[in-house]
Amino acid sequence: MSEVLVVVEATKEFGVKKVTLEMLTLARELGTPSAVVLGGAGAAEALSAKLGEYGAEKIYAAEGEEIDGYLVAPKATVVAELVKRVQPAAVLLASSQEGKEIAARLAVKLDNGILTDVVGLAADGTATQVAFAGSTIVKSKVTKGLPLVTVRPNSLNPAPAAATPAVEQLTVSVTDADKLAKVVERVAEQKGSRPELTEASVVVSGGRGVGNADNFKLVEEMADLLGGAVGASRAAVDSGYYPHQFQVGQTGKTVSPQLYVALGISGAIQHRAGMQTSKTIVAVNKDAEAPIFELADYGVVGDLFKVVPQAAEEIRKRK
Ligand SMILES: Cc1cc2nc3c(=O)[nH]c(=O)nc-3n(C[C@H](O)[C@H](O)[C@H](O)COP(=O)(O)OP(=O)(O)OC[C@H]3O[C@@H](n4cnc5c(N)ncnc54)[C@H](O)[C@@H]3O)c2cc1C
């Protein structure tokens with residue numbers, strides 16, 4: 001079976017991201033998964049056990065300052081060279097900011113088609129995407145080159161399938177043009193005990209209806225009760241209620257959890273763009289005409305300051 005390249009997303013603190021495990025699971029249905037690790041020295045060794053646990057038969061590693069010290073351009077160059085050499089059946093990247101940018105550059109370098117935000121990929125290269133607030137399923141195929149797709153996090157359940165990957169170090173030869181944007185400093189994001197927003201299986205988001213920054217405690221409390229992450233609408237972020245890195249939507253993060261709870265959010269199209277593929281959507285809004293109710297599986301028309309404490313109380317009881 002042909003190789004399927006999976007470009008690994010990982011963090012120093014938490015290791016391999018869940019979306020990578022999803023991509024390895026998907027890759028096993030298409031061919032033989034090979035993980036591509038692009039990072040600092042020793043990254044492949046640190047990640048190999050986890051990648052093997054989810055079926056990576058091989059790990060291609062491009063490591064060191066040439067890769068880690070710059071933004072995405074060197075990564076795209078390395079993956080493009082690898083694709084030309086191994087001629088994989090498909091290339092999978094995460095639908096993250098970085099994954100999409102590498103994929104776009106790859107498509108240009110290889111003169112290849114690209115599909116983003118894919119939630120499924122069949123062995124014949126037919127990709128599934130979800131559009132228009134989840135109301136339309138789109139089936140598409142790359143018509144030029146190989147299936148080059150970015151996979152939306154939380155699209156499938158990662159399943160382990162043990163393998164013992166051999167690690168192959170790649171020779172990194174990047175051009176000066178790849179080094180035009182250098183990383184000068186890295187500051188670790190302050191993280192609490194909550195899951196990462198794009199990886200969480202439960203997201204509780206607050207909008208302008210939450211009223212002020214202090215009231216966001218209510219949103220946080222609900223998220224903690226459900227073991228979820230906190231999100232926010234742009235209006236909430238712009239009003240200073242919650243930090244920008246938690247914004248969900250077109251100009252924020254894309255989430256696709258099992259459960260999305262929208263508190264005091266109207267459901268503007270730009271907000272929907274970031275959460276419409278959530279499996280179950282619950283909305284609390286005092287306006288029965290709010291567009292979020294067109295999308296919600298369960299809706300409560302009411303004042304969130306009355307509804308949320310009651311819901312929290314009930315969840316606590318059932319716990
Ligand atoms: C180019 C562009 C990009 C954008 N990108 C994004 C994006 O990434 N993410 C995003 O979210 N938006 C984005 N927006 C903004 C978007 O259009 C909306 O303005 C925004 O989503 C509205 O946020 P909201 O629903 O919190 O606020 P509002 O639209 O003001 O809605 C607040 C809601 O809270 C309800 N409410 C008020 N008080 C209570 C209460 N006590 N209890 C219950 N309900 C209550 C109201 O009935 C109302 O429906 C973008 C806009 C543009 C033009």
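This is a predicted model: local features need pLDDT of at least 70, side-chain atom pairs count only at pLDDT 80 or more; totals for chains, interfaces and linings use all residues.

**Ligand shell, sheet and domains**

Reader: Which residues come nearest to the ligand?

Author: The shell around the ligand holds 28 residues. A residue belongs to it if its C-beta atom, placed from the backbone, lies within 6 Å. Those that come nearest are G207, G209, R234, A235 and G249.

Reader: Which element gives the largest share of that shell?

Author: Elements that give two or more residues to the shell are α7 (234-238), α8 (269-272), β15 (280-285) and α10 (304-318). The largest share is three residues, and it comes from α7.

Reader: What is the order of the strands in the open sheet?

Author: The edge strands, which pair on one side only, are β13 (229-232) and β16 (298-301). Neighbouring strands are turned against each other by 15 degrees on average, direction ignored. The five strands are paired in parallel, in the order β13-β12-β14-β15-β16.

Reader: Why is β14 largely enclosed by the rest of the structure?

Author: On one side, β14 runs parallel to β12, joined by five bridges, with A262 of β14 opposite S205. With β15 it also pairs in the parallel sense over five bridges, and Y260 stands opposite I281 in β15. The strand β14 is largely enclosed because, of its five residues, the number buried is four.

Reader: What angle does α10 make with β15?

Author: Helix α10 packs on the sheet and touches β14, β15 and β16. Another helix, α6 (residues 216-225), lies across β12 (202-206), β13 and β14 (259-263) and runs at about 170 degrees to β12. For α10 and β15, the angle between directions is about 135 degrees.

Reader: How many residues of domain 2 are in contact with domain 1?

Author: The domain assignment gives domain 1 as 3-179 and domain 2 as 202-318, with C-alpha centres 31 Å apart. From domain 1, nine residues take part in the contact; by class, four are nonpolar, four polar and one charged. On the side of domain 2, the number of residues in contact is seven.

Key
Residues are numbered from 1 along each chain as its sequence is written. Domain bounds come from an automatic or database domain assignment. Two residues are in contact if their C-beta atoms, placed from the backbone, lie within 7 Å. Ala, Val, Leu, Ile, Met, Phe, Trp, Tyr, Cys and Pro count as nonpolar, Asp, Glu, Lys and Arg as charged, and the others, Gly among them, as polar. Two strands pair if DSSP finds at least two bridges between them. Axes are lines fitted to C-alpha atoms, for helices over the stretch in contact, and angles run from 0 to 180 degrees between N-to-C directions. A residue is buried if 20 or more other C-beta atoms lie within 10 Å of its own, exposed if 12 or fewer, and partly exposed in between; C-beta atoms are placed from the backbone.
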